[in-house]
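Good morning, and thank you for coming. I have been asked to present one structure to the group today.

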Amino acid sequence: MELKRILLVEDSLNDIELILTSLAENNLGNEVVVVRDGEEALDYIYRRGVFRLRREGNPVVVMLDLKLPKVDGFEVLGRLKSDPNLRVIPVVVLTSSREERDLARCYELGTNAYVVKPIDFHEFVDVIKNLGLFWAIINEPPPGSMPSPRNERSV
């Protein structure tokens, strides 16, 4: 069975480590592709630049920080949700921002969920475990999120 791919768009090394550890502690063997800015996220999604040869298929979910270098999370979210071929990809905004205007803007742009990163370590781990379980195991992915069988298997 092909594992579902998760795209993590995060610029904080500490948050990346916490998220990956949290997912691994829950025994989620999903491939997690990590990109560090919005430009890389778009390159990955559109299979261009260093990602032009990546396997086919879209991620089962995009975990997206808002405050990113080069292209911010709002722009990434807006581009994904305005593209008829990509709008079905679930996007979970995973941010430190509790600002109402950020929350409202994300939902206006079409986010599927808005999650504020908890400050407490244990709460953070629990939130990520639950997100991973829901989006990678429980939720049925949109069409096109799984690579075709002829491509290599995720590890």
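Predicted model: local features only at pLDDT ≥ 70, side-chain atom pairs only at ≥ 80, totals over all residues.

The protein contains five helices and five strands. Of its 155 residues, 50% count as buried. Let us also consider the contacts with a separation of 6 or more: residues 24 or more positions apart account for 70% of them.

How many residues has the largest nonpolar core? It has 24, and the residues with the most contacts inside it are Leu7, Val9, Ile45, Val62 and Leu64. Several elements each supply at least two residues of this core, namely β1 (6-9), β2 (32-35), α2 (38-45), β3 (61-64), α3 and β4 (91-95). Leaving aside residues up to four places away in sequence, Val9 touches Val35, Asp37, Ala41, Val62, Met63, Leu64, Asp65 and Leu68. Apart from this core lies another one, of 17 residues, which includes Leu8, Ile16, Val60 and Val115.

Is α2 mostly covered or mostly open? It is mostly covered, with six of its eight residues buried. Those residues are Gly38, Ala41, Leu42, Asp43, Tyr44 and Ile45. Against which elements do they pack? The buried residues of α2 pack against β1, β2, β3 and α3.

The pairing of α2 with α3 deserves a separate description. These two helices pack at an angle of about 20°, and their axes are 9 Å apart. Why do we call α2 roughly parallel to α3? The reason is the angle: values under 35 degrees count as roughly parallel, and therefore α2 is roughly parallel to α3. Their crossing is right-handed. On the side of α2, the contact is made by Gly38, Ala41, Leu42 and Ile45, and on the side of α3 by Val76, Arg79 and Leu80. By type, the residues of this contact divide into five nonpolar, one polar and one charged.

Helix α3 (residues 73-82) also packs with helix α4 (residues 100-109), at an angle of about 20° and with the axes 9 Å apart. That angle makes α3 roughly parallel to α4. Here α3 passes α4 in a right-handed crossing. Which residues make the contact? From α3 they are Phe74, Leu77, Gly78 and Lys81, and from α4 they are Asp102, Arg105, Cys106 and Leu109. The residues of the contact of α3 with α4 comprise four nonpolar, one polar and three charged.

Finally, let us look at one residue of helix α4, Glu108. Is Glu108 buried or exposed? Its relative accessible area is 67%, and so Glu108 is exposed. Glu108 and Gly78 are 30 residues apart in sequence, while the distance between them in space is 9.1 Å, C-alpha to C-alpha.

Thank you for your attention.

Notes
Residues numbered from 1 in each chain as written. Heavy atoms only, no water. Axes fitted to C-alpha atoms, helices over the stretch in contact; angles between N-to-C directions. Helix = DSSP H or I, 4+ residues; strand = E, 2+ residues; numbered from the N terminus. Parallel < 35°, antiparallel > 145°, perpendicular 65-115°, else oblique. Left-handed = near helix turned anticlockwise from the far one by under 90°. Contact = heavy atoms within 4.5 Å. Nonpolar A, V, L, I, M, F, W, Y, C, P; charged D, E, K, R; others polar. Core = buried A, V, L, I, M, F, W, Y, C linked by side-chain atoms within 4.5 Å. Buried < 20%, exposed > 50% of the residue type's maximum accessible area, 1.4 Å probe, protein only.
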